[in-house]
Amino acid sequence: MSRLLVIGCGGVAQVAIQKCAQNKEVFTEMCLASRTVSKCDALKEKLEKQGYPVKITTATVNADDVKDLVKLIKDYKPDAVLNVALPYQDLTIMDACLECKVDYIDTANYEPEDTDEPVWRAAYEKRCKEKGFTAYFDYSYQWEYMDKFKEAGITGLLGTGFDPGVTSVFTAYAKKHYFDRIDTIDILDCNGGDHGYAFATNFNPEINLREVSANGSYWEDGHWVETKPMEIKREYDFPQVGMKDMYLLHHEEIEALGKNFPEVKRIRFFMTFGQSYLDHMRCLEDVGMLSTTPIKFEGKDIVPIQFLKALLPDPASLGPRTVGKTNIGCIFKGVKDGKEKTIYIYNVCDHQECYKELGSQAISYTTGVPAMIGTALVLTGKWKQPGVYTTDEFDPDPYMELLNEYGLPWVVDEAPKLVD
Ligand code: NDP
């Protein structure tokens, strides 16, 4: 029995909410709140027609406004808040949860919408120098809530999507069951899906393009090594997908894994991209369309990347057109009982199967299912611990069981091909 407030009703949220409805024992009441309430109303109607017993209400909320959030939380009185809006809203939603003493869960770490804001910019430039990576996002803003969440007796579960989220749980599982010591981790994110467009992004275009066009980096011997965007390229033959080009990116779980598994000597993250995606992205970047700095156009302030988002297909609309599979997982090298060992834990997910089940493509599906699982573990008390934590910091076993139960079965390959 629980009351959950879900904030956001985009591609990922739609999957998370439908999966919560499937998990009838845990999720008995839900409030779906977002900027565009019509999306929440449509999903409520769909779930009611399908006969799910969960009691659903909807609300409009501006998640950039702490007061608006606090009012909604005080009115609805949820046991937890699941943030599946955008990373821009992480801190406002955390502040509201703190004020109302309610558990908080999200799928992506904080990044600011306005990267030119002077106070944030000064802190960012200092962090770039001190830590040695230039991504706009890092965990420091949310880790700062550790003591405040502890004092309030509430849990903050950060980054329970697939990557971050499941990849971090795979790491905890590998350490618990397969290794005495992990030496290297390669996280491989392959989308072998084809949506038929020359260019589209599989999740929020603004967040996706910011991440992919940034410098790459990896963790080695206790520090960051930064690369130019797309500088490191490898080929990998992904089970059930085939041979793909993949590129080294900076990714947020590396930061948490580097901190929580200090023995690991190297952590890298690779993502596959097709040539058409890369060519379009390069052209758009060259003409300034990926910029987050507003320009004046016919008397109005326009942020180029937000204008681009309005032109691109809505990721939530890619479901019916996307065919093929994703394969996301981690290759671990290390030592068990004095012997060297390598394993690859991965999940394969089929875009069309996801569409048939929930009306979504696999990127939203592979993020929304773990969002439900993390929330369920907090609500049932299995992952409840005052403070703020990433998914690698809890017992991985119940999470791994729920992945199998709710549509993301995983495989452990004990003789995988390695990435050089
Ligand atoms: P979408 O853009 O599809 O959805 C975002 C939703 O948030 C929309 O419903 C939007 O409302 C709502 N929203 C945005 N701003 C506000 C606001 N100020 N107040 C209230 N609601 C707001 O994004 P996705 O579903 O693709 O992504 C959701 C989250 O999942 C992101 O944080 C993303 O980074 C994360 N993610 C994590 C992954 C992982 O593996 N860990 C992978 C993919 C995504 P409106 O409908 O009005 O636009």
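## Close-up views of a predicted model

A polar contact of 2.7 Å links the side chain of D397 to that of K176; such a contact is a pair of N or O atoms within 3.5 Å, where within protein one must be able to donate a hydrogen and the other to accept it, and residues adjacent in sequence count only if both atoms are side-chain atoms. Before we look around, please note that this is a predicted model, in which local features need pLDDT of at least 70 and side-chain atom pairs count only at pLDDT 80 or more, while totals for chains, interfaces and linings use all residues. Residues are numbered from 1 along each chain as its sequence is written, and side-chain values use heavy atoms, with hydrogens and water left out.

**View 1. D397 and its helix, α15.** D397 is found in helix α15, where helices (H or I, at least four residues) and strands (E, at least two) are DSSP runs numbered from the N terminus. With a relative accessibility of 19%, D397 counts as buried; buried means under 20% relative accessible area, exposed over 50% and partly exposed in between, for a 1.4 Å probe and protein chains only. Leaving aside neighbours within four places in sequence, D397 is in contact with Y173, K176 and H177, contact meaning heavy atoms within 4.5 Å. Helix α15 spans residues 397-405, and its buried residues are D397, P398, Y399, M400, L402 and L403. These buried residues pack against α8 (166-177), β16 (339-350), α14 (362-379) and β18 (410-413). Just after α15, look for G407, which has a positive phi of about 105°.

View 2. Of the 28 residues around the ligand, V12, T36, K39, A63 and N204 come nearest; a residue is near a molecule if one of its heavy atoms lies within 4 Å of it. A polar side-chain atom of K39 is 2.6 Å from an oxygen atom of the ligand. From the backbone, an N or O atom of C9 lies 2.9 Å from a ligand oxygen atom, and a polar backbone atom of A85 is 3.2 Å from an oxygen atom of the ligand.

**View 3. N204 in its loop.** N204 sits in the loop between β7 (181-191) and α9 (205-213). Its relative accessible area is 15%, so N204 is buried. The N204 side chain reaches the backbone nitrogen of I207 at 3.1 Å. Not counting residues up to four places away in sequence, N204 touches L86, K309 and P315.

**View 4. I185 in strand β7.** I185 is found in strand β7 and counts as buried because its relative accessibility is 0%. Leaving aside neighbours within four places in sequence, the contacts of I185 include T171, L257, V264, R266 and F332. The C-alpha atoms of I185 and P416 are 13 Å apart, although 231 residues separate them along the chain.

**View 5. The second largest pocket.** This pocket has a volume of about 350 Å³. Of its 20 lining residues, Y136, L209, R210, S213 and A214 are the closest to its centre. On a 1 Å grid over the protein atoms alone, a pocket is an open set of points with protein on both sides within 12 Å along at least five of seven lines, and lining residues have an atom within 4 Å of a point. Grid points are joined across faces, edges and corners, and a volume is the space filled by probe spheres set on the points. Helix α9 gives the most to the lining, with 5 residues.

Technical notes
On a 1 Å grid over the protein atoms alone, a cavity is a set of points where a 1.4 Å probe fits but cannot get out, and a pocket is an open set with protein on both sides within 12 Å along at least five of seven lines; lining residues have an atom within 4 Å of a point.
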